[in-house]
Amino acid sequence: MTEAAPNFEGLLREALAPVEPPADLAERLESTLTSITEMAADELEAWELSAMRDPRNWARPAAALLVGTSAGAALVLLRARRRAHGSPASLDGVREAAERAVADLGREARKLLGDR
Amino acid sequence: MSEQASQKPKAQLDKEFSDLYRAHLRDVYSYAYYRVGDHHDAEDLTEQTFLQAYRHFERAQRESDGRPLRPWLIRIAHNLAANLYRDRSRKPVSPIDDTTTLTAMHTTEQLVEGRDELSRVLDGVQQLPDDRREALIMRFALGMDNREIARALGRSDGATKVLIHRAIKQLEEIVHD
């Protein structure tokens, strides 16, 4: 059914060739994911080792959540820096990037909070 | 099955997620790039896709029944892209930066002969309705088969086959008009 025009499909395949992601995207994303997994795991592990019945230790999940949120914050700040770097070096640009970063941070925090 | 998956240690899950990320970074980025039309938004979309995928990875593994997770990843990117447009109330504002893509993929002689036609095809893809454009991106940029595309779009295999057929026909008409 879809084989009506093999030449045209070849053309489409050429036009829509896969696009390699920029090397810095791969590095940035990998380091963000590593931060999230390692830091949150450390906190959770420490929490699990502590006495679960002691209400004083119930604050540990909150600490792990904050660590996860921090990783998210690091990501949005990196993004803000990149955006500010890519735009004209004006105060407006920096302010706009900062405002976007705050909005991004709020969104990341809501996602993390809503999921646990 | 689901019992086994739920008992996986976190380190193993993280390792499996890392494998998934490495295997499909290019797929997600390619989809994002052709979907949103510029590298900056494509990078953001790719980052958000993998962060969201990480948060739901364990459940996705449990529910996948051993099927590949690429359609799930692309569906996340698809939903995020839809949100992006809803938030900004806009379609892609710039045409795909085909200079970069075409230069990377073709020799100079091929560029001189085929560049116009390929550019027309890319322009035509941008004119298609969203679902048809997405189906073509998945089929031709990512090499997904009908079943994978159906899962990513939440449609039946039959409906997906028809969708792709119609998308190709419509694109041919646009390009040859």
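Let's start where two helices of chain B come together: in helix 2 of chain B, Ser30(B), Tyr31(B), Tyr34(B) and Arg35(B) meet Glu134(B), Ile137(B) and Ala141(B) of helix 7 of chain B. Sort the residues of this contact by class and you get 4 nonpolar, 1 polar and 2 charged. Keep in mind as you look around that this is a predicted model. The axes of helix 2 and helix 7 of chain B come within 10 Å and cross at roughly 140 degrees, and the crossing of helix 2 of chain B past helix 7 of chain B is right-handed.

Now stay on helix 7 of chain B, residues 130-141, and look at its meeting with helix 9 of chain B, residues 157-176: here the axes come within 9 Å and cross at roughly 95 degrees. That angle makes helix 7 of chain B roughly perpendicular to helix 9 of chain B, because anything from 65 to 115 degrees counts as such. On the helix 7 side of chain B, the residues involved are Asp131(B), Arg132(B), Ala135(B), Leu136(B) and Arg139(B). They meet Thr160(B), Leu163(B), Ile164(B), Arg166(B), Ala167(B) and Gln170(B) in helix 9 of chain B. By class, this contact of helix 7 with helix 9 of chain B has 5 nonpolar, 2 polar and 4 charged residues.

As a rule, nonpolar side chains in soluble globular proteins tend to be buried together.

That brings us to where the two chains touch. The contact takes 26 residues from chain A and 30 residues from chain B. On the chain A side, helix 1 (6-15) and helix 2 (23-49) each supply at least two residues. By class, the side of chain A that touches chain B has 19 nonpolar, 2 polar and 5 charged residues.

Finally, a look at chain A by itself. Chain A has 4 helices and 0 strands, so its pattern along the sequence reads α-α-α-α. Buried residues make up 17% of its 116 residues. Of the contacts in chain A between residues at least 6 apart in sequence, 60% join residues at least 24 apart.

Methods. Residues are numbered from 1 along each chain as its sequence is written. Chains are lettered from A and ligands numbered from 1 in the order in which they are written. This is a predicted model: local features need pLDDT of at least 70, side-chain atom pairs count only at pLDDT 80 or more; totals for chains, interfaces and linings use all residues. Two residues are in contact if their C-beta atoms, placed from the backbone, lie within 7 Å. Ala, Val, Leu, Ile, Met, Phe, Trp, Tyr, Cys and Pro count as nonpolar, Asp, Glu, Lys and Arg as charged, and the others, Gly among them, as polar. Axes are lines fitted to C-alpha atoms, for helices over the stretch in contact, and angles run from 0 to 180 degrees between N-to-C directions. Angles under 35 degrees count as roughly parallel, over 145 as roughly antiparallel, 65 to 115 as roughly perpendicular and the rest as oblique. A residue is buried if 20 or more other C-beta atoms lie within 10 Å of its own, exposed if 12 or fewer, and partly exposed in between; C-beta atoms are placed from the backbone. A crossing is left-handed if the near helix is turned anticlockwise from the far one by less than a right angle, and right-handed if clockwise.
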